[in-house]
Amino acid sequence: MSTKSRDFLSLSQFLLRSKSLTLYRDILRTIKKIPNKEHQIELKQWVRKDFEQNKSIRDEEIIRYHLSRGRAFHEELITSLSLVKYASDL
């Protein structure tokens, strides 16, 4: 029987991973609210590509930076959707 060498995450890395996955899911849920289906698809692809490109990062400071960038993007997306809804209600 061979033994496999596994890279285990530290507690802080595990928590950052959890926050990253939560942010990813939140962004995808918000994207579903976009009225234009083509824009939904384009944004989903862009977000997925961005997360996949950064999934191998282990430096916690860099991960925190990307999380804050992602949260800012998510907030902008929510604000934009609110403005679109408000404009359509006028």
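Me: Which helix gives the most to the lining of the largest pocket?

Reply: That's α1, with 8 residues. Quick note: this is a predicted model, where local features need pLDDT of at least 70 and side-chain atom pairs count only at pLDDT 80 or more, while totals for chains, interfaces and linings use all residues. Residues are numbered from 1 along each chain as its sequence is written, and side-chain values use heavy atoms, with hydrogens and water left out.

Me: Why is E52 called partly exposed?

Reply: Buried means under 20% relative accessible area, exposed means over 50%, and partly exposed is in between (1.4 Å probe, protein chains only). E52 has 43% relative accessibility, so E52 counts as partly exposed.

Me: And why does E61 count as exposed?

Reply: Because E61 comes out at 55% relative accessibility, it lands in the exposed class. R64, with a relative accessible area of 36%, is partly exposed.

Me: How do you know that D50 and R69 meet in a salt bridge?

Reply: Their side chains come to 3.1 Å, N to O, so they pass the 4 Å cut-off.

Me: What is the relative accessible area of R69, and which class does that give?

Reply: R69 has 33%, so R69 is partly exposed.

How values were computed: Helix = DSSP H or I, 4+ residues; strand = E, 2+ residues; numbered from the N terminus.
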